[in-house]
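Hello,

Here is the structure I promised to pass on to you. Please open it beside this email, and then read on for what turned up in it.

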Amino acid sequence: MINPSAKVSVKLVAEAGIGTVASGVAKAGADVIQVSGHDGGTGASPISSIKHAGGPWEMGLTESHTTLTMNHLRDRVVLRADGGFKSGQDVMMAALMGADEYGFGTVAMIATGCIMARICHTNNCPVGVASQREELRARMPGVPGDVVNFFIDVANEVRGSLAALGYTSMDEIIGRSDLLKQDVDLTKTNELDLSFLTAFVPEKSTSTQRRTQEAHSNGPCVDDELLANKDLMKAIEEEGTFAITLPVNNVDRSIAARVSGQVAKRYGNRGFAGAINLTFEGSAGQSFGVFMCGGINIKLIGEANDYVGKGIAGGEIVIVPPPGASFDPSVSCILGNTCLYGATGGRLHANGTAGERFAVRNSAAEAVVEGAGDHCCEYMTGGVVVVLGEAGRNIGAGMTGGLAYFLDEEDTFLKKVNGEIVRAQRIQSKVGEQQLKSLIKDHLEKTGSARAKQILGKWDEYLPKFWQVVPPSEKNTPEVEPEQTEPAKLEAVAK
């Protein structure tokens with residue numbers, strides 16, 4: 001949506017029936033189908049994920065290539081394989097089974113100095129590869145040249161193998177499974193029938209140029225209507241202002257993404273000096289405000305589905321109930337699951353509660369909501385989250401950065417916190433208090449929240465009921481520790 005000419009990659013786990021799924025993905029217009037095997041994976045994965053995630057990539061790749069070829073779909077997509085690739089030999093095997101591209105993950109990490117300690121999620125990586133702690137990051141031994149040298153060695157191994165077979169390019173051997181032969185000299189495996197891996201299906205496509213790419217489209221969308229507006233385009237070109245109000249319903253997905261793409265293409269994520277103010281009325285579909293950039297402000301009068309603000313880098317999202325709504329916003333869900341996923345900037349104000357996994361992997365966005373579901377602030381690395389009501393279990397799981405404030409009127413908060421990394425404390429710093437109060441004031445101004453008005457009206461009564469969730473990277477900041485408070489910074493925040 002944000003860039004119709006970008007490549008779309010769809011990852012499929014290698015398992016029985018993958019060929020049927022790959023065919024559907026190819027028909028849907030994907031550019032790349034990535035077949036991932038059960039081997040490899042991150043060191044941070046739980047053992048159940050490592051041991052029960054599909055089958056060998058060889059089986060999944062062969063089935064995908066064969067099925068796509070037999071259905072005359074192979075020339076539509078690039079097939080990519082990964083799953084524990086370590087050498088040029090793996091690349092050759094994958095090419096012969098039909099792969100056009102080859103993914104290296106774990107071994108590339110090892111080339112930079114990773115020792116597979118498998119504690120990535122704890123922020124305590126002993127060699128600083130997967131940590132935000134400066135003292136650990138200083139230990140990282142790797143440099144870019146290490147990875148470059150590794151892949152040069154892999155390429156040389158592939159070149160030697162090609163020469164030994166009498167070929168001069170990878171394109172000549174892709175899909176040539178007839179060049180594979182089962183090794184029957186091993187007593188332990190010579191009873192296995194691996195003929196399905198070596199069965200050769202010649203490609204019947206008459207296309208002279210394989211793997212062509214076309215612009216993607218899901219049909220007409222709200223953003224196309226907006227970009228057809230000459231006043232909007234003029235505001236983008238001249239960094240001016242523009243405002244409009246439109247109706248939406250839940251088939252309108254990824255609203256504002258394409259407009260953001262046009263702005264970011266010219267000015268980057270935060271370089272736009274103008275203001276695009278978009279107001280929508282109704283029930284928005286998935287990914288409302290996705291990948292939004294600075295200078296774009298959107299308001300929804302109604303409700304939103306999952307993934308609100310996914311990947312936003314700037315701008316502002318405001319969601320409020322329709323006028324005269326009979327429900328209580330402070331205990332009613334107004335936006336769905338996994339909102340602010342991977343956000344790197346911007347702000348969200350919602351006069352209502354959010355679903356599960358709110359602000360997961362949030363890196364810099366600020367947000368205020370009236371309540372949240374399970375796993376709030378999961379894997380958060382930065383930004384500020386304020387929840388003015390009840391939240392679900394497993395708060396702060398894997399959270400290594402940023403701050404979160406939770407109002408706890410029922411004295412049930414502590415048992416909901418995942419204390420593996422973070423700690424919860426009452427607000428001790430004036431800077432932290434001012435940060436919280438400022439965000440609630442903005443929330444009241446943007447949404448008219450009765451909850452925010454009530455809290456601000458009895459601030460001295462409500463402040464002791466807030467908890468501050470603090471990951472290790474924030475423990476010495478002025479917002480957390482009173483003795484770290486700098487008078488100049490406190491004064492600036494107060495203003």
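A residue is called buried if its relative accessible area is under 20%, exposed if over 50%, and partly exposed in between, using a 1.4 Å probe and protein chains only. Helices (H or I, at least four residues) and strands (E, at least two) are DSSP runs, numbered from the N terminus. Please keep in mind that this is a predicted model, where local features need pLDDT of at least 70 and side-chain atom pairs count only at pLDDT 80 or more, while totals for chains, interfaces and linings use all residues. Residues are numbered from 1 along each chain as its sequence is written, and side-chain values use heavy atoms, with hydrogens and water left out.

Let's start with helix 10. In this helix (residues 230-238), Leu232, Ala235 and Ile236 are buried. Looking down the axis of helix 10, you find its buried residues within an arc of 100°, so they line one face of the helix; the arc is that of the directions from the helix axis to the C-beta atoms. Which exposed residues does the face turned away from the buried side of helix 10 carry? They are Lys230, Asp231 and Glu238. The cover over the buried residues of helix 10 includes helix 9 (222-227), strand 5, helix 11 (257-267) and strand 6 (275-284), where contact means heavy atoms within 4.5 Å.

Strand 11 (residues 381-387) and strand 12 (residues 401-407) pair in the parallel sense over five bridges. Thr381 has Gly401 as its bridge partner in strand 12.

Now for the rings. Rings of Phe, Tyr and Trp (its six-membered ring) pair if their centres lie within 6.5 Å; planes under 30 degrees apart count as stacked, over 60 as edge-to-face and the rest as tilted. The whole structure holds 10 aromatic pairs. One of them is the edge-to-face pair of Phe85 and Phe104, 5.9 Å centre to centre with 85° between the planes. Phe85 and Phe104 are 19 residues apart, and their pair links distant parts of the chain. At 2% relative accessibility, Phe85 is buried. Why does the pair of Phe150 and Phe151 count as edge-to-face? Because their planes are at 70°, with the ring centres 5.1 Å apart. Phe150 is buried at 17% relative accessibility, whereas Phe151 is partly exposed at 31%. Trp57, Phe85, Phe104, Phe150 and Phe151 form one aromatic cluster.

Two rings also have a charge over them, meaning NZ of Lys or CZ of Arg within 6 Å of the ring centre and within 35 degrees of the ring normal. Lys310 lies over the face of Tyr307, 4.9 Å from the ring centre, and the charged end of Arg426 sits over the ring of Trp467, 3.7 Å from its centre.

Happy exploring!

How values were computed. Pairing = 2+ DSSP bridges.
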